[in-house]
Amino acid sequence: MGDTTGAEQDADNVIRILVATDNHLGYGEKDAVRGEDSFTAFEEILELAVSEDVDMILLGGDLFHDAVPSQNSMHKCIELLRRYTFGDRPVSLEILSDQAQCFHNAVNQSVNYEDPNLNIAIPVFSIHGNHDDPSGFGRLSSLDLLSTTGLVNYFGRWTDLSQVEISPILMRKGESQMALYGLSHIHDGRLARLVKDFKVNFNCPDKAREDGKEGEEEDEWFHLLVVHQNRADRGPKNYLPEDSLPSFLHLVIWGHEHDCRIEPEVNAKKGFYVSQPGSSVPTSLSEGEAKKKHVGLLEIYKSKFKLKELPLQTVRPFVYDSIVLPDRAEELGLNEGDASTKVFRFAKERVEAMIAQAEAQLTGHPRQPTLPLIRLRLLYTDESCMFNTIRFSQMFGTRVANVQDVVLFSKLIKRTKMEAVNLDKEALRRALEADNATRVEELVDRYFDEAKTKKPLRLLHSKALAEMTYRLVERKDANAAENIVKFYKEKAVDHLMETLPNDENIDDELESFRVRHKHEDLLKMLDARGIKVKPEDKFSSVLASEPPTAEAPTAGRGRGGRATTRGRAAAKTAARGRAQLDVSVNATRTSGRQQTLLSNVRGTRNAATYTISDDSD
């Protein structure tokens with residue numbers, strides 16, 4: 001971890017930055033107890049900036065909790081920024097890049113400390129997050145207002161979502177030069193499409209590293225990126241993979257995630273470090289928010305950095321605990337007697353212990369709130385263990401800050417290991433080799449026909465699964481699977497209620513249900529309910545009993561049109577290659593030819609545009 005040390009050099013050559021994210025000013029401002037928490041923590045951050053004698057403050061988005069903050073929130077933010085960032089102290093940072101491009105929305109299109117009408121001592125640089133992004137008439141953000149008033153240098157703002165160009169702010173202090181990149185929040189699904197289509201470009205300064213490794217000469221720039229996106233994997237298109245970022249970066253400051261992971265973590269594949277400061281105020285009573293809150297003091301000397309963790313002293317104490325009641329059933333005697341009363345007594349004792357535990361988080365700071373946040377999460381399987389949580393919380397009305405929701409009951413879903421169903425590989429091979437199976441739904445139907453001797457289906461018809469596939473793929477009906485399965489289940493239950501079979505005869509009755517109810521009849525009954533069925537498609541089902549009309553090719557169901565569409569898609573897929581993440585570089589000053597960063601381009605020393613791409617589906 002050599003890159004995180006060695007920043008202890010001459011102060012005239014070291015860039016000192018106070019790093020914070022997700023301040024959420026105005027969160028719960030109308031709460032009589034917690035209304036000032038966000039402003040108190042933000043004021044402490046500004047005080048740390050002054051006491052640590054930093055060159056600048058870097059914010060990673062979500063400065064405000066609401067896209068349109070209240071007058072109270074905006075007034076307090078302006079008051080704090082003027083009090084702590086204005087002054088006669090000279091700013092040591094020199095801007096080398098085109099400021100009109102970096103600060104296009106500012107009045108003078110320049111950094112605020114170069115404005116002759118302002119007296120800035122500590123400049124604040126910020127991107128926007130998902131809570132304070134541009135909205136409404138004029139597509140303005142609350143940061144646009146702060147930028148216009150000269151309080152904040154708002155950068156990393158996208159203006160064209162069809163092509164995202166990320167141009168750095170180039171700064172210099174003595175021997176150290178920093179390229180600051182900003183990627184304000186973009187909806188994760190949209191950003192995933194842009195990355196996939198090679199439409200997110202990093203415009204780099206001269207002599208940037210192009211292969212993520214040390215060249216023969218030491219890189220002149222320290223590349224710092226601040227981003228506000230999902231970092232945790234919340235779905236294939238609902239987060240920004242770290243590996244999709246270019247490898248020439250040295251450090252990434254990651255906003256949006258609230259749990260504090262401020263210590264730099266190395267990305268083994270790309271070689272850069274990631275620091276996640278987390279929020280400065282808890283906005284939800286979750287386990288991640290209960291971690292100790294920090295901001296960071298970042299020191300940069302040439303291509304080396306050091307990040308010092310600064311714990312916040314004015315954050316309200318918060319203790320979180322989660323108990324699985326079935327694991328305590330024998331200890332608490334929940335299998336006999338009044339389980340609700342026993343759990344009530346246990347919860348009361350546990351909350352008392354948590355309140356005592358919260359006292360250890362008091363720092364003695366005069367502005368730190370003393371009433372703690374307490375959240376006890378009880379996971380249950382039997383509802384007889386539950387009690388009135390509001391009445392329970394009132395017992396601690398003068399001792400906790402969250403009087404209404406001290407205890408939270410959550411249903412514990414036990415996932416049992418189901419009987420394994422072996423895939424009939426031979427049937428799958430025959431289905432794939434069939435000459436007349438050109439659509440996905442036909443392959444599904446043919447597979448189950450080939451494998452019917454092994455009875456892979458006990459309730460659904462194979463043609464119902466094929467219809468489900470058709471609606472998912474062709475109609476883009478995301479609810480098709482849920483609707484069809486739910487309808488089959490409902491009708492099967494009705495059939496069993498009519499026949500009332502013995503336990504040993506249930507399988508026979510389900511087989512009788514499959515014989516008695518044809519798939520065409522069930523799907524027609526489902527469509528008659530009007531569940532996710534487009535009017536123009538209600539007679540065009542691939543599995544309809546009537547043959548398709550002559551207009552079917554126009555609707556995209558004919559094989560001729562289908563083959564053309566699939567051919568174009570296949571050509572596009574072949575051009576793109578295997579689904580993987582890669583980074584490409586286009587040396588714009590020398591050639592228009594693109595080449596991968598994994599190739600040998602170490603000798604190139606011209607300005608470059610890096611395109612991050614995610615070709616995965």
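Two strands pair if DSSP finds at least two bridges between them. By that rule, strand E17 (residues 373–380) and E18 pair in the parallel sense over five bridges. This is a predicted model, where local features need pLDDT of at least 70, side-chain atom pairs count only at pLDDT 80 or more, and totals for chains, interfaces and linings use all residues. Residues are numbered from 1 along each chain as its sequence is written, and side-chain values use heavy atoms, with hydrogens and water left out. Helices (H or I, at least four residues) and strands (E, at least two) are DSSP runs, numbered from the N terminus.

**The sheet**
- Three strands line up as E16-E17-E18 in an open sheet with parallel pairing.
- At the edges sit strand E16 (318–324) and strand E18 (407–411), each pairing on one side only.
- On average, neighbouring strands of this sheet are turned by 20 degrees against each other, direction ignored.

**Two helices side by side**
- The axes of helix H1 (residues 37–51) and helix H2 (residues 71–85) come within 10 Å and cross at roughly 15 degrees.
- H1 and H2 are therefore roughly parallel to each other (angles under 35 degrees count as such).
- Among the residues that meet are Phe 39 and Leu 46 in H1, and Leu 80 and Tyr 84 in H2.

Notes
Axes fitted to C-alpha atoms, helices over the stretch in contact; angles between N-to-C directions. Parallel < 35°, antiparallel > 145°, perpendicular 65-115°, else oblique. Contact = heavy atoms within 4.5 Å.
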